Amino acid sequence: MEKYILSFDAGTTSSRAIVFDSKQHIVSIAQKEFTQYYPHPSWVEHDAKEIWTTQLTVAREALEKAGISGADVNAIGITNQRETTVVWDKDTGLPVCNAIVWQCRRTADICDEIESQGWGDAIRKKTGLIPDAYFSATKIKWILDRFDPDRSRSRNGELLFGTIDTWLLWNLTGGAVHATDPSNACRTMLYNIHEMDWDDELLDLFDVPRKMLPEVRNSSGDFGNTSPSLFEVPIPITGIAGDQQAALFGQTAFYEGDVKNTYGTGCFILMNTGERPVASRNGLLTTVGWRIGDKVTYVLEGSVFIGGAVIQWLRDELCIISSAADSELEAQKVADTAGVYFVPAFTGLGAPHWEPDVRGTIVGLTRGANRNHIVRAALEAIAFQSKDVIEAMKQDVGVLTSLDVDGGASANNFLMQFQADILGIPVCRPSCTESTALGAASLAGLYTGFYKSMDDLKAGRENDRVFMPSMDENMRSELTEGWQKAINAAKSL
Ligand code: ADP
């Protein structure tokens with residue numbers, strides 16, 4: 001009887017479940033959106049119970065669509081939106097309040113205060129992160145300050161903390177397993193990525209008792225079995241990784257120097273730096289990719305805030321394209337942007353510029369510029385911004401030979417070709433662009449022997465298309481210089 005891996009992809013806006021076969025091919029997909037709560041400007045919350053129930057529903061739906069049952073599932077892998085924070089009561093299983101989502105800015109002032117006390121450097125060194133409200137530490141503190149001000153309940157283990165992977169795992173195992181993996185732990189800003197343990201000094205600083213934290217187990221390892229009531233038979237859970245690291249794993253970017261870019265609303269670029277945590281001199285994050293056996297793989301991470309979102313803006317605000325996919329055709333109606341550059345810094349500039357107050361701009365307009373030039377400039381901007389991050393990685397680490405891509409906007413052939421041209425390296429788009437879910441499935445299947453080895457996984461990766469660079473060097477430098485001027489123009493406004 002053929003067996004399958006069930007992958008849980010717990011995203012920011014929807015719960016998804018995907019069934020994979022032994023060839024890493026998708027057999028079925030089910031997806032359900034859940035509610036986003038915005039109780040105040042810049043606050044974002046989720047109902048953790050709704051995440052659990054939608055995740056369970058889609059898992060059952062995916063099995064049904066595949067025509068299989070729990071008994072046909074070899075193992076479960078989990079991947080998740082990172083940093084989002086849940087605190088729940090161990091006895092009732094109920095969260096004490098809504099989950100605080102990674103995007104939520106409510107704890108920005110706690111971060112400012114900690115920076116002003118001079119903690120920035122120590123946090124960077126221990127966690128590899130740049131102190132920010134984005135990460136879980138200040139979110140846990142915020143919840144405890146309101147629901148357990150003297151920390152009595154969290155100190156005696158009555159209250160538990162988890163990121164979404166941990167919350168799902170705890171529910172899947174009927175409360176038997178309270179654990180996470182290092183790729184999620186390292187995004188809490190409480191985990192020492194060199195010692196690979198929760199950091200006592202940081203736990204003190206944020207007033208978070210160790211007792212409430214999950215045990216950190218290998219990303220490909222034993223996380224217990226599902227309660228028999230859920231899928232009729234117990235299923236082993238053997239893989240967990242945060243979404244971006246899972247995508248890197250799903251891309252089979254296993255070796256030092258391998259890089260992937262996920263082109264979604266924003267772009268997330270991760271480079272495998274092997275067993276070495278590289279401290280960036282260019283404002284990138286140092287984080288854990290995964291731990292398998294006794295080997296830790298580290299990554300450098302940089303993100304572009306506005307990636308595919310600039311295409312949504314062209315569609316919804318400027319109304320010059322009718323769908324995101326149309327941008328490809330429109331951009332190709334002109335030979336170039338006629339000197340137009342678009343810097344979509346709607347929410348400031350991220351790595352490597354780190355200028356939160358810069359705003360977007362379009363420069364180089366002439367009387368002949370039309371909407372096609374602007375659409376083309378917007379697509380090129382996604383590639384230029386990604387190049388800026390990748391160049392920063394190159395400065396920190398060295399050479400780069402190719403780029404693996406996934407995410408919604410990686411479907412755009414014009415964008416992928418321009419990305420290859422402007423970087424001067426091949427861009428590889430796999431047949432399975434569900435890299436995140438595939439990464440969790442691969443971690444799970446690797447532990448049970450369903451997938452034999454990482455080399456086998458790599459050999460099983462199929463490319464849909466490889467975009468070879470074809471732009472000449474002069475043109476590449478000219479365009480890069482133009483982009484740089486546009487960035488400087490945006491910064492000078
Ligand atoms: P997320 O996971 O962040 O929601 P997705 O991976 O689903 O994002 O990708 C959606 C984003 O990609 C949207 O911002 C959309 O504008 C953009 N996008 C989707 N298809 C295309 C395309 N063919 N060309 C350019 N952008 C696209």
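The charged end of R146 sits over the ring of W142, 4.0 Å from the ring centre. R106 is found over the face of that tryptophan too, with 4.5 Å to the ring centre of W142. For such an arrangement, NZ of Lys or CZ of Arg has to be within 6 Å of the ring centre and within 35 degrees of the ring normal. The model is a predicted one, in which local features need pLDDT of at least 70 and side-chain atom pairs count only at pLDDT 80 or more, while totals for chains, interfaces and linings use all residues. Residues are numbered from 1 along each chain as its sequence is written, and side-chain values use heavy atoms, with hydrogens and water left out.

Aromatic rings also meet one another. A pair of aromatic rings is described by the distance of the centres and the angle of the planes. Here, rings of Phe, Tyr and Trp (its six-membered ring) pair if their centres lie within 6.5 Å, and planes under 30 degrees apart count as stacked, over 60 as edge-to-face and the rest as tilted. The count by this rule is 19 aromatic pairs. One of them joins W102 and Y134 in an edge-to-face pair, with 5.7 Å from centre to centre and 75° between the planes. W102 belongs to the loop between β7 (99–100) and α2 (108–116), and Y134 to the loop between α3 (120–127) and α4 (136–147), so this pair ties together parts that are 32 residues apart in sequence. The helices (H or I, at least four residues) and strands (E, at least two) named here are DSSP runs, numbered from the N terminus. Y134 is buried, at a relative accessible area of 18%; buried means under 20%, exposed over 50%, and partly exposed in between (1.4 Å probe, protein chains only).

Another pair is made by W313 and F342, whose ring centres are 5.7 Å apart and whose planes stand at 70°, so it too is edge-to-face. Distant parts of the chain are linked by this pair, with W313 in helix α11 and F342 in strand β18 (residues 341–343), 29 residues apart. W313 is partly exposed, at 27% relative accessibility, whereas F342 is buried, at 3%. Elsewhere, Y341, F384, F414, F418 and W483 come together as one aromatic cluster.

The next part of the picture is the ligand. A shell of 13 residues surrounds the ligand, and the closest are T265, G308, Q312, G408 and N412; a residue belongs here if one of its heavy atoms lies within 4 Å. Helix α11 (residues 309–316) gives the most to this shell, namely three residues. By type, the shell holds five nonpolar, eight polar and no charged residues. In this grouping, Ala, Val, Leu, Ile, Met, Phe, Trp, Tyr, Cys and Pro count as nonpolar, Asp, Glu, Lys and Arg as charged, and the others, Gly among them, as polar.

Several polar atoms face the ligand. A nitrogen atom of the ligand is 3.5 Å from a polar backbone atom of A324. An N or O atom in the side chain of Q312 is 3.5 Å from an oxygen atom of the ligand, and a backbone N or O atom of G408 is 2.8 Å from a ligand oxygen. On its own the ligand has 580 Å² of accessible area, and the protein covers 67% of this.

A351 and P352 are joined by a cis peptide bond, with omega at about -5°, and P352 is located in the loop between β18 and β19 (361–363). M189 is not a glycine, yet its phi is positive, at about 70°. This methionine, M189, sits in the loop between α7 (182–185) and β10 (191–192) and is buried, at 1% relative accessibility. M196 likewise has a positive phi, near 55°. The loop between β10 and β11 (197–198) holds M196, which is buried with a relative accessible area of 15%.

T92 lies in the loop between β6 (86–89) and β7, and a polar atom of its side chain is 3.1 Å from the backbone nitrogen of L94. T92 and E158 are 66 residues apart along the chain, and 9.8 Å separates their C-alpha atoms. A459, in helix α16 (residues 454–460), is exposed, with a relative accessible area of 66%. From A459 to T252 the distance is 9.1 Å, C-alpha to C-alpha, although 207 residues separate them in sequence.

Definitions and conventions
Polar contact = N/O pair within 3.5 Å; in protein donor to acceptor, adjacent residues only side chain to side chain. Areas by Shrake-Rupley, 256 points an atom, 1.4 Å probe, with all protein chains shown as cover.
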